[in-house]
Amino acid sequence: MDDEEIIRRLAGDILGYLGYEVELAASGEEAVGKFQKARDSGEPFDLLIMDLTIPGAMGGKEAIELLLRIDHGVKAIVSSGYSNDPILADYRTHGFSGAVTKPYRVAEFSQIVYEVSKKD
């Protein structure tokens, strides 16, 4: 989930290249809706990657709160271009399973996605 189309496409391309199936969302509202739909269909998402700040819409902080109400075991990585954001520094307290800063570097991005997706 990211409000910037180029970032969504880049993340989607990286994840697709790594062998993951990808759904893209521009806002927290859209991500929560897609998450619920996938869960209801019996094919839940394994992992979400959410931008912390979405101007004029629901960002990652608000979205994770809703997602945790739907599924307390949800795995989500918070993403931001602001590496000094306190939520990135203490992501677990806010309900996230990992954190990654932008701009994405393929090796780091891949490692974080792999580590979070393998956590129980």
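**Entry 1: the salt-bridge network**

I began with the network of salt bridges that links Asp2, Asp51 and Lys102, where a salt bridge is a side-chain nitrogen of Lys or Arg within 4 Å of a carboxyl oxygen of Asp or Glu. I noted that this is a predicted model, in which local features need pLDDT of at least 70 and side-chain atom pairs count only at pLDDT 80 or more, while totals for chains, interfaces and linings use all residues. I also noted that residues are numbered from 1 along each chain as its sequence is written, and that side-chain values use heavy atoms, with hydrogens and water left out.

Helices here are DSSP runs of H or I with at least four residues, strands are runs of E with at least two, and both are numbered from the N terminus. Are Asp2 and Lys102 buried or exposed? I found that both residues are buried, a word that stands for under 20% relative accessible area, with exposed meaning over 50% and partly exposed in between (1.4 Å probe, protein chains only).

**Entry 2: other salt bridges**

How many salt bridges does the rule give? The count comes to seven, and I picked out two further pairs.

Glu23 and Lys34 meet through their side chains in a salt bridge of 3.4 Å, N to O. The pair links distant parts of the chain, with Glu23 in the loop between α1 and α2 (28-40) and Lys34 in helix α2, 11 residues apart. Glu23 is exposed at a relative accessible area of 52%, whereas Lys34 is partly exposed at 27%.

Glu108 forms a salt bridge with Arg105, and the closest N and O atoms are 2.8 Å apart. I read Glu108 as partly exposed at 27% relative accessibility, and Arg105 is also partly exposed, with 48%.

**Entry 3: Ser83**

I then turned to Ser83, which sits in the loop between β2 (76-80) and α4 (86-89) and counts as exposed at 57% relative accessibility. Which residues does Ser83 touch, not counting residues up to four places away in sequence? I found Leu88 and Thr101, where a contact means heavy atoms within 4.5 Å. The C-alpha atoms of Ser83 and Val100 are 8.6 Å apart, although 17 residues separate them along the chain.

**Entry 4: the whole chain**

Last, I looked at the chain overall, which has five helices and three strands in the order α-α-β-α-β-α-β-α along the sequence. Its C-alpha trace spans about 35 × 30 × 30 Å along the principal axes. A compact globule of 120 residues would have a radius of gyration near 14 Å, and the chain agrees with its 13 Å; the radius is taken over C-alpha atoms, and the globule rule is 2.2 Å times the number of residues to the power 0.38.

Of the 120 residues, 42% count as buried. Among contacts between residues at least 6 apart in sequence, I noted that 57% join residues at least 24 apart.
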